[in-house]
Amino acid sequence: MHRLIPAAIMATLASTASAQDAYVGGSLDYNLPHSGDAQTAGSVIAGLGFDLGTFGVGAEVEYGLRIAGDNDYDMARVGGWASYDWADYTLIAGGGITEYYFEDSNSGGFNFSIGAERDLTDRVSVRGQIIRDFLDNAFTKAVTTTRLAVAYNF
């Protein structure tokens, strides 16, 4: 599976030219394994979306690096999302595949997420999100990530 993530990242980034909405951003993530020690990570996020009126769909890729905590792993996610515009907020739900990179091994699985986003300006938005990773043969079977992100919209 570890070769699938880079290929999906390249395909997503290559198709950005045909998207209506493209964005890049960064996030501060708190990763809490359901057995084991927590860590804080910083992630780089890139995505593209298509506005369908009140609803939207899109794809997103991300790569996160450890900042602090007792664990030492990096993670990558790629997936799709659907959104619903509600007043000043956009509600987002998504899912995809996850890969965790340790010093001596990798562990993959899938994820689900739910969150909300609000525009600060025409170009900048802020997002709060909860992500649940379900992993195979890892140090734990599930990791819950709490995220605060800022995105620049093109």
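This briefing covers the surface patch, salt bridges and cavities of one structure. The model is predicted: local features need pLDDT of at least 70, side-chain atom pairs count only at pLDDT 80 or more, and totals for chains, interfaces and linings use all residues. Residues are numbered from 1 along each chain as its sequence is written, and side-chain values use heavy atoms, with hydrogens and water left out. The structure holds 7 salt bridges and 2 cavities of 30 Å³ or more.

**Surface patch**

- A nonpolar patch on the surface is formed by Phe50, Leu52, Phe55, Val57, Tyr84, Trp86, Tyr89 and Leu91.
- Together these residues have about 780 Å² of accessible area (Shrake-Rupley method, 1.4 Å probe; for residues, only the protein chains shown count as cover).
- Patch residues have over 30% relative accessible area and no salt bridge; nonpolar side chains (Val, Leu, Ile, Met, Phe, Trp, Tyr) are joined within 5 Å, like charges within 9 Å.
- β2 (39–52), β3 (55–69), β4 (74–86) and β5 (89–101) each supply at least two residues of the patch.
- Strands here are DSSP runs of E, at least two residues long, numbered from the N terminus.
- Leu91 lies in strand β5. Leu91 counts as partly exposed because its relative accessibility is 36% (buried is under 20%, exposed over 50%, partly exposed in between; 1.4 Å probe, protein chains only).

**Salt bridges**

- Side chains of opposite charge can pair when their charged atoms come close. A salt bridge here is a side-chain nitrogen of Lys or Arg within 4 Å of a carboxyl oxygen of Asp or Glu.
- Arg127 and Glu60 meet in a salt bridge, 3.1 Å from N to O. This pair links distant parts of the chain: Arg127 sits in strand β7 (residues 124–135) and Glu60 in strand β3, 67 residues apart. Both Arg127 and Glu60 are buried.
- Arg77 pairs with Glu62, with the closest N and O atoms 2.7 Å apart. Arg77 is in strand β4 and Glu62 in strand β3, 15 residues apart. Both are buried.
- Arg77 also forms a salt bridge with Asp133, at 2.6 Å between the closest N and O atoms. Here strand β4 is linked to strand β7, across 56 residues.
- Arg77 counts as buried because its relative accessibility is 3%. Asp133 is buried too, with a relative accessible area of 0%.
- A network of salt bridges links Asp29, Glu62, Arg77, Asp133 and Arg147.

**Cavities**

- A cavity is a set of points, on a 1 Å grid over the protein atoms alone, where a 1.4 Å probe fits but cannot get out; lining residues have an atom within 4 Å of a point.
- Volume is the space filled by probe spheres set on the points, which are joined across faces, edges and corners.
- The largest cavity has a volume of about 190 Å³. Its lining has 18 residues, of which Glu60, Glu62, Asn111, Ser113 and Gln129 lie nearest its centre.
- β3, β4, β5, β6 (106–119) and β7 each give two or more residues to this lining. β4 gives the most, with 5 residues.
- By class, the lining of the largest cavity has 6 nonpolar, 7 polar and 5 charged residues (Ala, Val, Leu, Ile, Met, Phe, Trp, Tyr, Cys and Pro count as nonpolar; Asp, Glu, Lys and Arg as charged; the others, Gly among them, as polar).
- The second largest cavity has a volume of about 50 Å³. Its lining residues include Tyr23, Glu60, Arg127 and Ala151.
- β1 (21–33), β7 and β8 (142–153) each supply at least two residues of the lining of the second largest cavity.

Key: Helix = DSSP H or I, 4+ residues; strand = E, 2+ residues; numbered from the N terminus. 1 Å grid on protein atoms, 1.4 Å probe; cavity = no way out; pocket = protein on both sides within 12 Å on 5 of 7 lines; lining within 4 Å.
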